[in-house]
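Dear colleague,

I am passing a structure on to you, as you have not worked with it before. Please look through it first; my notes on what was found follow below.

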Amino acid sequence: MLNFLPSIASCLDNEHIPWKNILIGFSVAQFVFDSYVSYRQYRVLKDKTKKIPPILKGKIDEEKFAKSDEYGIAKSKFGFVDNLFSLILNIVVLKYDLQPYIWNLSGKIGTKLISYFRPAISVSGLGIVTQSVFYFNLSTFAFSLLNLPFDYYSHFVLEEAFGFNKLTTKLWVTDLVKSNVLQVVLMSPILYAVGKIFDKFTDNFIYYIMGFIAILQVLMILLVPTVILPLFNKFTPLEDGELKTKIEDLARKLKFPLDKIFVVDGSKRSSHSNAYFTGLPFFKQRIVIFDTLIEQSSVDEVVAVLGHEIGHWKKNHIIQLLLVGQFHISVIFTLFSAVYQNKSLYKSFGFNIESATGQKSVGKKVFLNNKFPYLIGFSIFGELLKPMDCLVQFIMNLFIRHNEYEADAFATKLGYGKELSQALITLQVANLSSMHVDPLYSSYHYNHPTLIERLDAIEAEIVKLEKKN
Ligand SMILES: [Zn+2]
């Protein structure tokens with residue numbers, strides 16, 4: 001398919017390429033760029049001379065407006081410290097070869113655990129695929145432990161100060177335990193299967209990986225709303241009444257394949273609000289509304305929000321997004337195939353691929369007997385992709401924003417323009433989202449247009465429709 005890849009691959013397999021320094025350089029560059037973008041937004045928020053935008057005059061009070069600035073400033077300071085910590089951690093891991101260290105440790109732990117069931121393993125040692133699974137679980141566990149103070153601060157200090165946090169310490173702990181257990185249960189078999197694919201189809205893994213990911217995506221769309229999310233939240237069918245009748249009428253009118261409407265107790269954790277629908281393309285869709293949205297908005301405003309959501313469905317945005325996602329993943333794996341068997345890359349990070357009698361470790365170094373640890377390769381490759389990811393983020397945001405405008409226009413054409421505008425204002429005020437946004441910050445971080453941009457576009461659409469009639 002791509003004939004130039006093998007020649008690029010052999011060029012890159014060069015002992016003189018300073019992989020480690022390149023990676024650290026990328027991490028620092030990313031941090032500097034992120035911080036610069038956040039600083040631009042910080043300056044906008046700090047600016048005391050700015051006024052409430054004309055389109056919001058009389059629709060929002062001064063106090064809320066000032067509070068949204070304070071919230072933005074607090075989040076931006078926290079984000080800076082959090083990013084700095086991640087950068088330092090990343091550099092320490094790379095500089096001091098902690099990856100081979102964790103790899104060796106996970107080999108020991110894995111062998112010990114598995115030898116209870118299969119005593120022979122203590123002699124032969126773990127295969128590279130099984131050891132990768134243990135490596136993943138151990139390193140994610142270690143990083144989430146290191147991240148605990150930040151997680152705690154974010155919920156119980158930052159969100160708490162602005163009245164968003166509804167979590168209790170007990171719920172926070174049970175959430176953490178549940179999500180970590182879930183991660184082990186879900187990710188271990190997935191990584192094992194991916195490892196087997198790499199092991200068996202080393203040279204043309206891409207087709208098998210893409211097939212596997214497509215199946216996984218379908219499974220996730222089916223399982224996330226029905227099995228996984230209910231572990232954390234309660235989903236109750238929407239009670240009969242005006243809201244339910246109006247949503248069902250709208251769905252019928254638009255031929256939207258409505259399955260059931262659920263209300264989720266989002267208020268259990270936070271007072272941020274939302275609504276969405278889930279389901280496989282071409283099948284029945286379930287609508288989920290946050291209890292907070294119902295509390296904060298009128299019936300017609302909630303229906304207007306759902307008009308926008310159904311707009312996404314009508315305009316095939318979900319399928320487009322799935323296809324774009326598949327394309328993106330296929331590009332990533334195609335590029336990965338150029339570095340997957342790059343011995344010099346692994347060697348820079350303490351993993352020696354050369355022949356050895358079985359897998360062994362000497363000091364901090366690991367010898368892998370001509371096997372490639374796909375997971376290590378992929379995580380290093382992920383760091384190398386950072387500059388491209390940054391660009392992809394800008395492009396994806398543009399694409400999603402375009403869809404958001406289309407869905408807003410759709411709801412406006414249904415006659416819900418005024419209600420949708422009001423619902424958006426209510427959501428924005430309730431979530432204390434920033435009213436003023438730096439353009440670079442917004443195009444990098446926001447996949448939705450800003451409130452003002454959306455209100456202006458809806459207003460323009462209303463005027464256009466009035467002229468027509
Ligand atoms: Zn939308």
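A residue is called buried if 20 or more other C-beta atoms lie within 10 Å of its own, exposed if 12 or fewer do, and partly exposed in between, with C-beta atoms placed from the backbone. Helices (H or I, at least four residues) and strands (E, at least two) are DSSP runs, numbered from the N terminus.

Please note that this is a predicted model: local features need pLDDT of at least 70, side-chain atom pairs count only at pLDDT 80 or more, and totals for chains, interfaces and linings use all residues. Residues are numbered from 1 along each chain as its sequence is written.

The chain as a whole

The protein chain contains 17 helices and 7 strands. Of its 469 residues, 25% are buried. Along the principal axes, the C-alpha atoms fill a box of roughly 80 × 50 × 50 Å.

An open sheet is formed by 4 strands in the order 1-2-4-3, with mixed pairing; two strands pair if DSSP finds at least two bridges between them. Its edge strands, each pairing on one side only, are strand 1 (235-237) and strand 3 (275-278). From one strand to the next, the twist averages 30°, where axes are lines fitted to C-alpha atoms and angles run from 0 to 180 degrees between N-to-C directions.

Strand 1 pairs with strand 2 (residues 258-264) in the antiparallel sense over 3 bridges, and F235 has V264 in strand 2 as its bridge partner. Strand 2 runs parallel to strand 4, to which 5 bridges join it; here F262 is partnered by V288 in strand 4.

Strand 4 (residues 285-290) is also joined to strand 3 by 4 bridges, and these two run antiparallel. A275 stands opposite I289, while Y276 stands opposite V288. The two strands form a hairpin with 6 residues between them, and G279 in the turn has a positive phi of about 150°.

How does burial differ along this hairpin? Strand 3 has a covered face, A275 and F277, and an uncovered one, Y276 and T278.

With kind regards
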